[in-house]
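Welcome! Here is a short briefing to read alongside the sequence and the 3D view. Take a moment to look around, and then follow the points below.

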Amino acid sequence: MFFSCKPNGHRYKFEKASEFNFVCPKCSESLEYQDNTSRIVELLKEKATYKSTTKLSTEIKYID
Ligand SMILES: [Zn+2]
């Protein structure tokens with residue numbers, strides 16, 4: 001869970017965002033809650049793919 005300013009994409013954890021009163025200290029934009037659950041699901045799916053397909057994981061490593 002984190003907060004970000006929309007125009008510039010600065011991201012802060014909840015603890016930091018609340019310290020700044022939900023205003024970005026870098027650009028003075030208001031910070032909005034970002035839900036990154038879907039991103040985590042994506043990462044888990046990728047992990048599962050690495051495990052089940054050795055060939056694919058080799059190809060991905062090569063790209064990286
Ligand atoms: Zn900002």
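The largest nonpolar core of this predicted model has 6 residues: Phe3, Cys5, Tyr12, Ala17, Cys24 and Leu31. Buried residues make up 9% of the 64 residues in the chain.

- Phenylalanine 3 belongs to strand E1, and its bridge partner in E2 is tyrosine 12.
- Is phenylalanine 3 buried or exposed? Phenylalanine 3 counts as buried because 20 other C-beta atoms lie within 10 Å, and the cut-off for a buried residue is 20 or more.
- Leaving out residues up to four places away in sequence, phenylalanine 3 touches Tyr12, Phe14, Ala17, Phe22, Leu31, Glu32, Tyr33 and Gln34.
- Phenylalanine 22 is 19 residues from phenylalanine 3 along the chain, and their C-alpha atoms are separated by 8.0 Å.
- On E1, Phe3 and Cys5 make up the covered face, while Phe2 and Ser4 make up the uncovered one.

**Tyrosine 33, a contact from another strand**

- Tyrosine 33 sits in strand E3, which covers residues 31-34.
- Although tyrosine 33 and phenylalanine 3 are 30 residues apart in sequence, they are 4.4 Å apart in space, C-alpha to C-alpha.
- Tyrosine 33 is exposed, because it has 11 other C-beta atoms within 10 Å and the cut-off for an exposed residue is 12 or fewer.

**The sheet**

- Three strands form an open sheet: the 3 strands come in the order E2-E1-E3, and their pairing is antiparallel.
- From one strand to the next, the twist averages 35°.
- As background, strands of a sheet pair through backbone hydrogen bonds, in a parallel or an antiparallel way.

**How the strands pair**

- Strand E1 (residues 2-5) pairs with E2 in the antiparallel sense over 3 bridges.
- In this pairing, phenylalanine 2 stands opposite lysine 13 in E2.
- E1 and E2 also form a hairpin, with 5 residues between the two strands.
- Glycine 9, in the turn of that hairpin, has a positive phi of about 70°.
- With E3, strand E1 pairs in the antiparallel sense over 4 bridges.
- Here cysteine 5 stands opposite leucine 31 in E3.

**The whole chain**

- The chain has 3 helices and 3 strands, and from the N terminus on its elements run β-β-α-β-α-α.
- Of the contacts in the chain with a separation of 6 or more, 29% are between residues 24 or more positions apart.

**How confident is the prediction?**

- The mean pLDDT of the chain is 80, and 66% of its residues reach 70 or more.
- Where in the chain is confidence lowest, and where is it highest? Confidence is lowest in helix H3 (residues 54-63), with a mean of 59, and highest in helix H1 (residues 14-19), at 95.

How values were computed. Residues numbered from 1 in each chain as written. Predicted model: local features only at pLDDT ≥ 70, side-chain atom pairs only at ≥ 80, totals over all residues. Pairing = 2+ DSSP bridges. Axes fitted to C-alpha atoms, helices over the stretch in contact; angles between N-to-C directions. Contact = placed C-beta atoms within 7 Å. Core = buried A, V, L, I, M, F, W, Y, C linked by C-beta atoms within 7 Å. pLDDT = per-residue confidence, 0-100.
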